[in-house]
Amino acid sequence: MRPTFSELIIGIVSDLHQGGFIKDADELQHLANLALDQTLLADTRKDALKQIEMRCHVKWLGDFYLPHLSQKNWWGRLEKLGRSTKKHVQSV
(Lines give C-alpha, C1' and ligand atoms only; values in the text may rest on other atoms or scores of the structure.)
Protein backbone atom coordinates (compact mmCIF):
# COMPACT_ATOMS: atom_id res chain seq x y z
CA MET A 1 0.00 0.00 0.00
CA ARG A 2 1.23 3.49 -0.84
CA PRO A 3 1.92 5.90 1.99
CA THR A 4 -0.63 8.67 2.37
CA PHE A 5 0.18 12.35 1.90
CA SER A 6 0.20 12.75 5.70
CA GLU A 7 2.53 9.79 6.18
CA LEU A 8 4.95 11.14 3.57
CA ILE A 9 4.96 14.57 5.25
CA ILE A 10 5.58 13.06 8.68
CA GLY A 11 8.51 11.03 7.32
CA ILE A 12 10.14 13.90 5.46
CA VAL A 13 9.67 16.34 8.36
CA SER A 14 11.31 13.73 10.59
CA ASP A 15 14.19 13.30 8.10
CA LEU A 16 14.72 17.06 7.99
CA HIS A 17 14.73 17.31 11.80
CA GLN A 18 17.20 14.43 12.00
CA GLY A 19 19.44 16.19 9.47
CA GLY A 20 19.34 19.44 11.44
CA PHE A 21 17.14 21.35 8.98
CA ILE A 22 14.70 22.49 11.67
CA LYS A 23 13.43 25.65 9.97
CA ASP A 24 12.67 23.80 6.73
CA ALA A 25 11.01 20.95 8.62
CA ASP A 26 8.81 23.39 10.53
CA GLU A 27 7.87 25.27 7.33
CA LEU A 28 6.94 22.02 5.60
CA GLN A 29 4.84 20.93 8.57
CA HIS A 30 3.09 24.31 8.65
CA LEU A 31 2.27 24.08 4.93
CA ALA A 32 0.97 20.53 5.41
CA ASN A 33 -1.23 21.69 8.28
CA LEU A 34 -2.70 24.39 6.02
CA ALA A 35 -3.19 21.93 3.16
CA LEU A 36 -5.03 19.46 5.39
CA ASP A 37 -7.20 21.98 7.25
CA GLN A 38 -10.73 21.36 5.94
CA THR A 39 -11.94 24.66 7.46
CA LEU A 40 -9.75 26.77 5.15
CA LEU A 41 -10.72 27.98 1.70
CA ALA A 42 -9.81 25.65 -1.18
CA ASP A 43 -7.50 28.31 -2.69
CA THR A 44 -5.53 28.57 0.56
CA ARG A 45 -5.17 24.80 0.73
CA LYS A 46 -4.16 24.52 -2.93
CA ASP A 47 -1.57 27.28 -2.51
CA ALA A 48 -0.05 25.40 0.45
CA LEU A 49 0.08 22.23 -1.65
CA LYS A 50 1.79 24.09 -4.50
CA GLN A 51 4.36 25.42 -2.01
CA ILE A 52 5.01 21.85 -0.83
CA GLU A 53 5.34 20.62 -4.41
CA MET A 54 7.91 23.32 -5.19
CA ARG A 55 9.99 22.24 -2.18
CA CYS A 56 10.17 18.68 -3.52
CA HIS A 57 12.47 19.85 -6.32
CA VAL A 58 16.08 18.67 -6.43
CA LYS A 59 17.22 22.31 -6.24
CA TRP A 60 15.28 22.97 -3.01
CA LEU A 61 14.94 20.26 -0.37
CA GLY A 62 16.67 17.82 -2.69
CA ASP A 63 19.81 19.91 -2.31
CA PHE A 64 20.10 19.03 1.39
CA TYR A 65 22.57 16.44 2.61
CA LEU A 66 21.02 14.02 5.09
CA PRO A 67 23.69 11.69 6.49
CA HIS A 68 21.17 8.96 7.39
CA LEU A 69 19.86 8.66 3.79
CA SER A 70 21.48 8.08 0.43
CA GLN A 71 20.90 10.87 -2.07
CA LYS A 72 18.90 8.47 -4.24
CA ASN A 73 16.69 7.50 -1.29
CA TRP A 74 16.15 11.15 -0.30
CA TRP A 75 15.26 12.20 -3.83
CA GLY A 76 12.93 9.21 -4.09
CA ARG A 77 11.06 10.31 -0.98
CA LEU A 78 10.73 13.84 -2.29
CA GLU A 79 9.52 12.53 -5.65
CA LYS A 80 6.82 10.46 -3.91
CA LEU A 81 5.72 13.49 -1.90
CA GLY A 82 5.62 15.59 -5.08
CA ARG A 83 3.39 13.05 -6.83
CA SER A 84 1.16 12.70 -3.79
CA THR A 85 0.86 16.49 -3.52
CA LYS A 86 -0.25 16.76 -7.16
CA LYS A 87 -2.96 14.16 -6.54
CA HIS A 88 -4.01 15.85 -3.33
CA VAL A 89 -4.50 19.20 -5.14
CA GLN A 90 -7.12 17.55 -7.33
CA SER A 91 -9.13 16.44 -4.28
CA VAL A 92 -9.28 19.93 -2.72
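The questions and answers below walk through a predicted model of a protein.

Reader: Hello! What is the average pLDDT of the protein?

Author: Welcome! This is a predicted model, and 100% of the residues score at least 70 in pLDDT. The average for the protein is a pLDDT of 95.

Reader: Which pattern does the protein follow along the sequence?

Author: Start with the elements: there are 4 helices and 0 strands. Reading along the sequence therefore gives the pattern α-α-α-α.

Reader: How does the radius of gyration of the protein sit beside the globule rule, and what is its value?

Author: For 92 residues the globule rule gives 12 Å, and the protein's value is close to that, so the protein is as compact as a globular protein of that length. As a picture to go with it, the C-alpha atoms fill a box of roughly 40 × 25 × 25 Å along the principal axes. The radius of gyration is 13 Å.

Reader: Are α1 and α2 roughly parallel or roughly antiparallel to each other?

Author: The axes of helix α1 (residues 5–18) and α2 come within 8 Å and cross at roughly 165°. The crossing is left-handed. Angles over 145 degrees count as roughly antiparallel, and α1 and α2 are therefore roughly antiparallel.

Reader: How many nonpolar residues are in the contact of α1 with α2?

Author: On the α1 side, the contact includes F5, I9, I12, V13 and L16. They meet α2 residues, among them I22, A25, L28, A32 and L36. By class, the contact holds 3 polar and 2 charged residues, and the nonpolar ones number 10.

Reader: Is the crossing of α2 and α3 left-handed or right-handed?

Author: Let's look at the axes: those of α2 and helix α3 (residues 42–55) come within 7 Å and cross at roughly 145°. As α2 passes α3, the crossing is left-handed.

Reader: And how many charged residues does the contact of α2 with α3 have?

Author: From α2 the contact takes E27, L28, L31, A32, L34, A35 and L36, while α3 brings R45, A48, L49, Q51, I52 and R55. Sorted by class, 9 of these residues are nonpolar and 1 is polar, and the charged ones number 3.

Reader: Which residues of α4 does α3 meet?

Author: The axes of α3 and α4 come within 9 Å and cross at roughly 165°, so these two helices are roughly antiparallel. Here too the crossing is described as left-handed. From α3, the residues K46, L49, I52 and E53 take part, and in α4 they meet L81, G82, T85, K86, H88 and V89.

Reader: Finally, how many polar residues are in the contact of α3 with α4?

Author: Residues from both helices are counted here, including L49 of α3 and T85 of α4. The contact has 4 nonpolar and 3 charged residues, and its polar residues number 3.

Conventions. Residues numbered from 1 in each chain as written. Predicted model: local features only at pLDDT ≥ 70, side-chain atom pairs only at ≥ 80, totals over all residues. Heavy atoms only, no water. pLDDT = per-residue confidence, 0-100. Axes fitted to C-alpha atoms, helices over the stretch in contact; angles between N-to-C directions. Parallel < 35°, antiparallel > 145°, perpendicular 65-115°, else oblique. Left-handed = near helix turned anticlockwise from the far one by under 90°. Contact = heavy atoms within 4.5 Å. Nonpolar A, V, L, I, M, F, W, Y, C, P; charged D, E, K, R; others polar. Rg over C-alpha atoms; globule rule 2.2 N^0.38 Å.
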